[in-house]
Amino acid sequence: MSTQSPMLPSRTDEPALAGRSGSFRSARKSYYSDAMSQDMNLHPRLWRGHRCFVAVIVGGLLACGLLGRAAADSAPSAAPAAATPQDSFAGVARIVAVGDIHGDFERLQQVLRLCGVTDAQDQWIGGKTHLVQTGDVLDRGPDSRKAMDLLMALEQQAHKAGGAVHALIGNHEFMNMAGDLRYVSNGELAAFGAGPRATPVGSDPGAEFPSYRAAFAPTGKYGKWILTHNAVLKINDTLFMHGGLSPRYLNRKLRELNESVRAELKGQRDARTGVGADPEGPLWYRGLAESLQPQVLQAYLADLGRTQGAQRIVMGHTIQDQGITLREGGRLALIDVGMSRWTLSGAPSCLLIERTAKGDELSVRK
Ligand SMILES: [Mn+2]
């Protein structure tokens, strides 16, 4: 049984919320710069400008690790390992995709109603619809606990109706479970009887908030829930994930990526150096949100089809201040509109993908 709660390396690539996508292109240094160079000639534009300076702070992290371990130890022991969550679905007639929520429960309620999957009482009316939330329910805003509770309830209701709710693991779910609480708000802490922070959001709060950390430990209520989720999901021939699938990950099997992320979150693998923390990994990658040359994007999509059997990729993570962005006829979709009032307060928006006799029909509701 795992009780490890490792802290991520301090990172500088979490963007300031200036509202301009250009400001997100901060300098980064990959953990894998040597191993990567052999892949660099695939799509050089996709690699440009993703370097993250990694600084490791030892003292505080050690204390955090110990505290996280103690909290996890005191939590009830884990239930027998749940079945591996299904990460590939076929024959789905209607998909609704919703991007980053960041602690804004009201905006989550609004967007789910807008897309016709819940009623005014927050009950599932989506029937056999598959709802995909592409990660980052947590951090910044105050009400992520309520948002998670709603998604938990809807998972059950949708399942009974023959539909599904897929809450994918975003970089902020990963950070919280890995003990990196730099972006946790006072409201989120208060929901677990913890806080307030002594340091500003964006800085390391130190080894504090044991009740919050315990809830996100692998055996805690919310940590256990997150571990039933995937990072990457395929429905029909569309791939969904939080950040993006960079060229160096194209050849990896979904199952293996999802198992890796979960193993890192369980402490069975080092969370600081695995798939979940990799700036080029599916939780963080921003290369596909850049304004790529059409031929570069077309070459990427051809590779995506060949390696993953997918015709389309849908991602959150990189705020689109003009609303949901569709490129190449919707084969690439960027659905994080910064709808949280604690990010950009963008208009709640979702992407609908509906199967018709002529193929998939995409529409945006706003
Ligand atoms: Mn994100």
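Biologist: Leaving aside its neighbours within four places in sequence, which residues is Phe-240 in contact with?

Modeller: Two residues are in contact if their C-beta atoms, placed from the backbone, lie within 7 Å. For Phe-240, the contacts beyond those sequence neighbours are Ala-97, Val-132, Thr-134, Leu-168, Leu-233, Ile-235 and Val-314. Keep in mind that this is a predicted model: local features need pLDDT of at least 70, side-chain atom pairs count only at pLDDT 80 or more, and totals for chains, interfaces and linings use all residues. Residues are numbered from 1 along each chain as its sequence is written.

Biologist: Which residues of the largest nonpolar core touch the most other members?

Modeller: First, the terms. A residue is buried if 20 or more other C-beta atoms lie within 10 Å of its own, exposed if 12 or fewer, and partly exposed in between, with C-beta atoms placed from the backbone. A nonpolar core is a set of buried Ala, Val, Leu, Ile, Met, Phe, Trp, Tyr and Cys residues joined through C-beta atoms within 7 Å. Here the largest one has 87 residues, and Ala-97, Phe-240 and Ile-313 touch the most other members. Helix α5 (residues 144-160) gives the largest share, six residues.

Biologist: How many helices and strands does the protein chain have?

Modeller: Helices (H or I, at least four residues) and strands (E, at least two) are DSSP runs, numbered from the N terminus. This chain has eleven of each.

Biologist: Which way do the residues of strand β4 point?

Modeller: In a regular strand the side chains alternate between the two faces of the sheet. In β4 (residues 164-167), Ala-164 and His-166 point one way, Val-165 and Ala-167 the other, and all are buried.

Biologist: What is the order of strands in the open sheet of six?

Modeller: The order is β1-β5-β6-β7-β9-β8, with mixed pairing. β1 (88-89) and β8 (325-327) are at the edges with a single partner strand each, so one side of each has no neighbour in the sheet.

Biologist: Which residues of helix α4 are buried?

Modeller: In α4 (residues 105-114), they are Phe-105, Arg-107, Leu-108, Val-111 and Leu-112. Seen down the axis, they fall within an arc of 160° (taken from the directions from the helix axis to the C-beta atoms), so they line one face of α4. Their cover includes β2 (94-98), α5 and β10 (350-356).

Technical notes:
Pairing = 2+ DSSP bridges.
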